[in-house]
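Have the model open as you read.

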Amino acid sequence: MTADSHAIRTVEQLLEVLDLDDTRARTTEDIFTGRSHPMPSGRIYGGQVLAQSLLAAERTLPEDRAAHSMHGYFLRPGDASQGLTIAVDRIHDGRSFSTRRSQAYQNGVPIFSMIASFQDEGPGVEHSAPMPSDVPDPESLLPDEERVDGLPAGTSRMLSDRAADVRHVEGPLFLPGDDSQVPEQGVWMRMRAPLPDDPRIHRAALAYLSDMTIQESILRAHGLYWALPGLKVASLDHAMWWHRPARVDEWLLYVQESPNARGGRGLAQGRIFTRDGELVASVAQEIMVRVPEQA
């Protein structure tokens, strides 16, 4: 398989995961089913269930009423060997805004719960934070999978097989790096192959990517890395705001920082910019982090 065909296949696999089945069943909620990405850890990747829950909610709305915010809680680890069921509650529909609650279930219990708000496009006041000016271009950086040696085979394969081309400005955090302990980082990212033009797919794909590296500003602040024996990290919640449309198959800069960590929890915040400097989304996530000497 050539590099191009491999890239196309990884994106096709993502689109298959995002292609929910509408069961046509409805009690007080709309019911959808979806499949899961296989993962070396056996746990569902959080960005997957974020994207699927968002798409399920959007399936109950007109196409021109777009997501502008979501707030979700990861309740239980998901099993990546199983599919999942997503129930959508049509909480409210107004003249300009709609609210939906999506809950993802496995084995009859919820693993993720989300409330999202949707709005019709309209004029209004506008401003945005600027993109940092001192960030190297993505072409000057190698993909993450070409910058790590010594990882377990399953982890290396996961990096090569993911649908996204991810390039850390400061270097990937899978193995020990330099000794600088700063609570911030920059990451370039885009899908490895073109996506359909549907804006809902691009919003969902952005949600998918938003969970991929957001935790690392917390780890960097303390000199931690993913392969550290005994390190335990779990996402607790996730919030996201979509500000402007963007294509996720074009380069996006994800600027991340951690303002606080305490009591085994860390907060990470992120801003996502287009290459032209437009702010397209903001993200916040709190994680549970336990380092070996505290386990």
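## Ground rules

This is a predicted model, so to speak of local features takes a pLDDT of at least 70, side-chain atom pairs count only at pLDDT 80 or more, and totals for chains, interfaces and linings use all residues. Residues are numbered from 1 along each chain as its sequence is written, and side-chain values use heavy atoms, with hydrogens and water left out.

Helices (H or I, at least four residues) and strands (E, at least two) are DSSP runs, numbered from the N terminus.

## The second largest pocket

The second largest pocket has a volume of about 920 Å³. On a 1 Å grid over the protein atoms alone, a pocket is an open set of points where a 1.4 Å probe fits, with protein on both sides within 12 Å along at least five of seven lines; lining residues have an atom within 4 Å of a point. Grid points are joined across faces, edges and corners, and the volume is the space filled by probe spheres set on them.

Lining this pocket are 26 residues, and the closest to its centre are Gln119, Glu121, Trp242, His243 and Arg244. Two or more lining residues come from each of β3 (65–74), β6 (109–120), α4 (199–210) and β9 (232–242), with α4 giving the most, at four. By type, the lining splits into 11 nonpolar, seven polar and eight charged residues. Here Ala, Val, Leu, Ile, Met, Phe, Trp, Tyr, Cys and Pro count as nonpolar, Asp, Glu, Lys and Arg as charged, and the others, Gly among them, as polar.

## Salt bridges

Side chains of opposite charge can pair when their charged atoms come close. Taking a salt bridge as a side-chain nitrogen of Lys or Arg within 4 Å of a carboxyl oxygen of Asp or Glu, the count comes to 18. One of them joins arginine 90 and aspartate 30 at 2.8 Å, N to O. That pair links distant parts of the chain, from strand β4 (residues 84–93) to strand β2 (residues 30–34), 60 residues apart. Arginine 90 is partly exposed at 37% relative accessible area, while aspartate 30 is buried at 9% (buried is under 20%, exposed over 50%, partly exposed in between, with a 1.4 Å probe and protein chains only).

Glutamate 58 and arginine 203 form another, at 3.1 Å, N to O. Glutamate 58 sits in helix α2 (residues 46–58) and arginine 203 in helix α4, so this bridge ties together parts 145 residues apart in sequence. Glutamate 58 is buried at 2%, and arginine 203 is buried at 12%. There's also a network of salt bridges linking Arg9, Glu12 and Glu16.

Aspartate 237 belongs to strand β9. A polar atom of its side chain lies 2.9 Å from the backbone nitrogen of glutamate 286.

## Out on a loop

Glutamate 139 is in the loop between β6 and α3 (153–161), and is exposed at 51% relative accessible area. Its C-alpha atom is separated by 31 Å from that of glycine 266, 127 residues apart along the chain.

Methods: A polar contact is a pair of N or O atoms within 3.5 Å; within protein, one must be able to donate a hydrogen and the other to accept it, and residues adjacent in sequence count only if both atoms are side-chain atoms.
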